[in-house]
Amino acid sequence: MSNKVFDTIIIGAGPAGLTAALYAARARFSTLVIEKMGSGGQAATTDWLENYPGFPDGINGFELATKMDEQARKAGASFVSENATGVLAPEGAGRLFTVTGTENEYLATTVIIATGADHKLLGVPGETQFRGKGVSYCATCDGPFFKDKHVIVAGGGDSAVQEAIYLTRFASRVTVVHRRDKLRAAAVLQQRAFSNPKISFQWNSAIAAVSGTDMVKSVTIKNTADSATSELAADGVFVFVGLVPNSELFRGLIELDEKGYVVTNEFMATSRPGMFACGDVRKKLLRQIVTAAGDGAAAAFSAQEYAENLNHK
């Protein structure tokens, strides 16, 4: 058990958590960030961001995440590399939260949840078997391994189309498999994808299975209209079909919606006093880096107000 009592503990160090850390530390809040995978979250694996304010020519996601991390540390936030495994809420207002990590326990007046979300799995035969052997959830991480290969991208939203465009730097051909007859991605991304000669589309289709030997060799495609199946040769499968919030740690402790997202009010407060949530783990309309940063700032400010109100009671 660490003897130090922090004003706030932030679980997660993506853009939301890092912004919360920056704002909390600048407010002279003693701030601890617990992060299991290093800073940046999904932003750190995004090749190029064109819609983050202040960078008219765009910026590399890893570079932006690194700058956010550096700024939070410079402001005075402390970091530990651990996996948070439990949160014990205080009985009664004003008592301390206990956050258990893989190595230590930490005490805090407030807790800010910034655990983000992971990519949703297809849930089809062969997906788990070939993960890391042709099945990937990060084009920036694994794209260079598919030089002059044919890869499939599953999905039709911003992430799927953006990653498909990125993969054309390496792959000879990219096939986007989408269960509908039109994309959900932003118009500018659609235009770029449609005009890229390396990208083709398989509409009203879903991946039903992934096959191969040591590596991926093909996928089974199922037509969502008539259920007809066909086999499509491919060297890799990149999956971008949605997100799953990393909220299981807090189930039973705070209110979650039917999909597992943390329910908050406009001030980022959860159903439990002293606990706040920000970023992709929160139930919200838009999950973007800019909205995660805004959430983080609001969560830090709300945590500060909560703690100050306790001190004045």
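How many of the twelve residues of α1 are buried? I looked this up first. Ten of the twelve are buried, so α1 is largely enclosed by the rest of the structure. Buried here means under 20% relative accessible area, exposed over 50%, and partly exposed in between, with a 1.4 Å probe and protein chains only.

Ground rules for my notes: this is a predicted model, where local features need pLDDT of at least 70, side-chain atom pairs count only at pLDDT 80 or more, and totals for chains, interfaces and linings use all residues. Residues are numbered from 1 along each chain as its sequence is written, and side-chain values use heavy atoms, with hydrogens and water left out. Helices (H or I, at least four residues) and strands (E, at least two) are DSSP runs, numbered from the N terminus.

**Helix α1**

I noted the buried residues of α1, among them Pro15, Gly17, Leu18, Thr19 and Leu22. They pack against β1 (5-11), β2 (31-34), α2, β3, β6 (105-113) and α6; contact means heavy atoms within 4.5 Å. I checked the length too: the end C-alpha atoms of α1 are 16 Å apart, which agrees with the 16 Å its twelve residues should span at 1.5 Å a residue. The expected span is 1.5 Å times one less than the number of residues. After α1 comes Arg28, with a positive phi near 65°.

**Helix α2**

Next I went to α2, where Gly61, Leu64, Ala65, Met68, Asp69 and Ala72 are buried. Seen down the axis of α2, the buried residues fall within an arc of 135°, so they line one face of the helix; the arc is that of the directions from the helix axis to the C-beta atoms. Their packing partners are α1 (15-26), β3 (78-80) and α6 (289-311). On the other side of α2 I found Phe62, Glu70 and Lys74 exposed. For Lys74 the relative accessible area is 76%.

At the N-terminal end of α2, Asn60 is the cap, with a side-chain oxygen 2.9 Å from the backbone nitrogen of Phe62. Gly76 follows α2, and its phi is positive, near 120°.

**Helices α4 and α5**

Last, I looked at α4 (residues 158-167) and α5 (residues 187-194), which pack at an angle of about 35° with their axes 10 Å apart. Axes are lines fitted to C-alpha atoms, for helices over the stretch in contact, and angles run from 0 to 180 degrees between N-to-C directions. In α4, Asp158, Val161, Gln162 and Ile165 meet Leu189, Gln190, Arg192 and Ala193 in α5.

Definitions and conventions
Polar contact = N/O pair within 3.5 Å; in protein donor to acceptor, adjacent residues only side chain to side chain.
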